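Open the model in a viewer and keep the selection panel at hand. The stops below are given in the order to select them.

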Amino acid sequence: MPRRTVRTAVTFCAAVSLAAITGTASSTTPAPSPTPTPTVQRQAGRPVMVDCFWHAQVRPTDFILACGDGNSRLTSLRWSQWHRDSAVAEGFNVVNDCKPYCAAGKFHSYPVIVRLNVPQPWKKHPELSQYTQLSLVYTKGKPDGFGQWVDLPLWN
């Protein structure tokens, strides 16, 4: 199968899967209220992480980094700090090696230290602040092509 056809098929399958997940979630989940979730209310004044579905999270145990295809995510997060300026956790970055292509790739787990910082007002809920910068420090091994330290912007 030509490479372009495989890439198109993989992209289509990922889009269909995301649509199915989103459709299932929206049919079973009540419409979001204009006020923050109870988890966020308990942490008043502290920034949140915004996930792929635009939900505010405080101290999540899992977090998807690659919203489009799910090929990179943080798992087993244990937060040692969650402050107004920064947050720190240890956990794992689970990354698809995409060899020979992403649909046939294997997921590998790498221990990481996660640091969140640069809180800004969240555009969707300006009364909340959200972390906009995420840094990963790989403590034992790292994905091919990655540095020991990786800085990523978080969406807002």
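The tour covers the disulfides and then one leucine.

This is a predicted model, in which local features need pLDDT of at least 70, side-chain atom pairs count only at pLDDT 80 or more, and totals for chains, interfaces and linings use all residues. Residues are numbered from 1 along each chain as its sequence is written, and side-chain values use heavy atoms, with hydrogens and water left out.

Start with the cysteines. Searching the whole structure for disulfides (pairs of cysteine sulfur atoms within 2.5 Å) gives two. In sequence order of the bonded cysteines, the pairing is 1-2, 3-4.

Select Cys52 and Cys67. Their sulfur atoms are 1.8 Å apart in a disulfide, and the link is left-handed, with -85° about the S-S bond. Cys52 sits in the loop between β1 (49–50) and β2 (56–57) and Cys67 in the loop between β3 and β4, so the bond ties together parts 15 residues apart in sequence. Strands here are DSSP runs of E, at least two residues, numbered from the N terminus.

Next, select Cys98 and Cys102. This disulfide has its sulfur atoms 2.0 Å apart and is right-handed, at 95° about the S-S bond.

Now go to Leu65, in the loop between β3 (63–64) and β4 (72–82). Is Leu65 buried or exposed? Leu65 is buried, at 15% relative accessible area (buried is under 20%, exposed over 50%, partly exposed in between; 1.4 Å probe, protein chains only).

Show the contacts of Leu65 (heavy atoms within 4.5 Å). Leaving out residues up to four places away in sequence, Leu65 touches Ser72, Arg73, Leu74, Asn93, Leu134, Leu136, Leu152 and Trp155.

Conventions:
Helix = DSSP H or I, 4+ residues; strand = E, 2+ residues; numbered from the N terminus.
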